Amino acid sequence: MIAYEVIAKKRDGESLTKSEIALMIESFLCGSLADYQMAAFLMACYIRGLSDEETFYLTEAMVSSGKRVDLSSVSGFKVDKHSTGGVGDKTTLVVCPLVASLGTIVSKFSGRGLGHTGGTIDKLESVPGFSTKLSIEDLIEQLKRIGIAIASASEEINPADKRLYALRDVTATVSSTPLIASSIMSKKIAAGSERLVLDVKVGPGAFLTDIDEAKKLSRLMLDIAKRAKMRAVAVISRMDEPLGKAAGNSLEVIEATETLKGRGPSDLVELSKVLAARMLSLGGLLTISQAEEAANLALASGAALNKFVELLAAQGGDERAAHDYGLLPRAKEIRGVSLKESGYVTSIDAKAIGLTLVEIGAGRKRAESEIDHSVGVILGKKVGDRVDIGEEIAEVHASNPADAEMARAHIAKAYRVGKKKPLAKGIIIDILE
């Protein structure tokens, strides 16, 4: 069967076989399938959808497009974590060293910021000298030595995903649930871990804004994990407002480090502990309650912080930055934000804040854009907090006066204030296994 027939078959709503989907991926990578043909195929998948079985076949084909990391030589339980992304999401910097400090191997490939959401690699690169580029051999050696590694995926791993995403991004096919699921899970399966915790974020500050869609995506990724013989859990968490108080790369490193020191904001601490407990319990040696107790002890004893310092040193970073924040990039302009009304903060538009940070350089407008690790915002007031007229609600960190003033105005507009204190919402919406 030729690619033309596969495209026509999916266009007409028919189910594709494993070999037909493999043919499309293999032909695309070797150059015999043109970009416009793959774009037509992706649009057919977007409109007609893919069954759970087809989605798994696509995932398998993407995994097979490159190398698959073999972690069998690393003793112990191996666990990975993935977040679908949000504004201020620095949980990886807290959760991964926390879990590794308790003896579970954490091998993680992370990405850069995308759109209005930040990326773990950008945050870690705020630390002077820190390298996210590890060969597979170096990654395995580091896991054997300290039990944790966080790196950017090499070109050898799942090259199909990068090329497919580039096409999806310019053909309005990014928001297909099967295509999202296969993209995420192919990277996780190729990374080699036996167990996976998914943090699926939903709300204005995330890519998914509908709870039903978030659950649909979660169930589909769990189905792929089951077919791939990987144990997985999906934690659906709220992204109605930025997570924690800091957004922006070096500012988030500081907040994550403070959290490891036991001084983190309540929502970040709550989510980090839930994710850590699930990662620990997937090993089968601890119950959820035992894992929660162990996580609390690792934070209180300093073991989690020590593991983070160990991670920084192992990958060339200046480990002193965990104690001396002056070593991290610092913005030239730091200005307060206030409101002309009083009451209770009823909402904070996380997406608006994320887009504002992109404008001042904390994120990328194009894939090749350079980012400014020093800029961002610290939210002094969160949803439910009381605010008075003229009281500072946030602090903008910018590289020049014009950006600072623009960001101040946009962040003030992102706040909504009412006379009645809103009911508190837990950050965890649901947990699916």
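This is a predicted model: local features need pLDDT of at least 70, side-chain atom pairs count only at pLDDT 80 or more; totals for chains, interfaces and linings use all residues.
**Cores**

I looked up the largest nonpolar core first. It has 60 residues, and the members that touch the most other members are Met24, Met38, Phe41, Leu139, Met185, Leu198 and Met221.

I took Met24 as a case to follow. Setting aside neighbours within four places in sequence, I find Met24 in contact with Ala3, Val6, Ile7, Leu33, Met38 and Phe41. Of these, Met38 and Phe41 are also on the list of core members with the most contacts to other members.

As background, nonpolar side chains tend to be buried together in soluble globular proteins.

**Cavities**

I searched the whole structure for cavities of 30 Å³ or more and got two. I followed up the second largest cavity, which holds about 40 Å³ of space.

Which residues line the second largest cavity? I list Leu58, Met62, Asp161, Leu164, Tyr165, Arg168, Leu179 and Ser182. By type, this lining has five nonpolar residues, one polar and two charged.

I then sorted the lining by element. Helices H4 (52-63), H8 (159-170) and H9 (177-190) each give two or more residues to the lining of the second largest cavity. H8 gives the most, with four residues.

Note on methods:
Residues are numbered from 1 along each chain as its sequence is written. Side-chain values use heavy atoms; hydrogens and water are left out. A nonpolar core is a set of buried Ala, Val, Leu, Ile, Met, Phe, Trp, Tyr and Cys residues joined through side-chain atoms within 4.5 Å. Buried means under 20% relative accessible area, exposed over 50%, partly exposed in between (1.4 Å probe, protein chains only). Contact means heavy atoms within 4.5 Å. On a 1 Å grid over the protein atoms alone, a cavity is a set of points where a 1.4 Å probe fits but cannot get out, and a pocket is an open set with protein on both sides within 12 Å along at least five of seven lines; lining residues have an atom within 4 Å of a point. Grid points are joined across faces, edges and corners, and a volume is the space filled by probe spheres set on the points. Ala, Val, Leu, Ile, Met, Phe, Trp, Tyr, Cys and Pro count as nonpolar, Asp, Glu, Lys and Arg as charged, and the others, Gly among them, as polar.
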